[in-house]
Amino acid sequence: MQVAVDVSLSYHLQADKVPAFYVKYRSDDLNSYTHGLLRNAARDAFNEHGGKYHIEQIMGDNADFLKSVRTALQKEVEPAGIVTGK
């Protein structure tokens, strides 16, 4: 089953890891990162974890599903000093 959703995500960079972010992505354009790489990473996390849950767990009581997606996304972006919202 295909499900379409509108997702919002907040994040910030850890001040002491901004140089690591710049070295990794070779850009100081956060808009490009937000709407490119971070968007794709979030979409991939939703796709990867969505297959592990029943539709009722995604569209209804979805706290566990969202927590698993958030944890996976944070694990992926954390080395570059990115902290996703909770």
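## Aromatic pairs

The structure holds five aromatic pairs, and it is a predicted model. One of the pairs joins Phe21 and Tyr25, whose ring centres lie 5.0 Å apart with 50° between the planes, an arrangement classed as tilted. Both Phe21 and Tyr25 belong to helix H1, which spans residues 18-25, and a separation of four residues places them about one turn of the helix apart.

## Packing of H2 and H4

Two packed helices are described by the angle between their axes and the distance between the axes. For helix H2 (residues 30-50) and helix H4 (residues 63-77), the axes come within 9 Å and cross at roughly 135°.

On the H2 side, the contact is made by Tyr33, Leu38, Ala41, Ala42, Ala45, Phe46, His49 and Gly50, which meet Phe65, Leu66, Ser68, Val69, Ala72, Leu73, Glu76 and Val77 of H4. Sorted by class, the contact of H2 with H4 comprises twelve nonpolar residues, three polar residues and one charged residue.

## Confidence of the model

Across the protein chain the pLDDT averages 86, and 98% of the residues score at least 70. Confidence is lowest in helix H3 (residues 55-59), where the mean is 78, whereas the highest value, 93, belongs to strand S1 (residues 11-13).

Conventions
Residues numbered from 1 in each chain as written. Predicted model: local features only at pLDDT ≥ 70, side-chain atom pairs only at ≥ 80, totals over all residues. Heavy atoms only, no water. pLDDT = per-residue confidence, 0-100. Helix = DSSP H or I, 4+ residues; strand = E, 2+ residues; numbered from the N terminus. Axes fitted to C-alpha atoms, helices over the stretch in contact; angles between N-to-C directions. Contact = heavy atoms within 4.5 Å. Nonpolar A, V, L, I, M, F, W, Y, C, P; charged D, E, K, R; others polar. Phe/Tyr/Trp six-rings, centres within 6.5 Å; stacked < 30°, edge-to-face > 60°.
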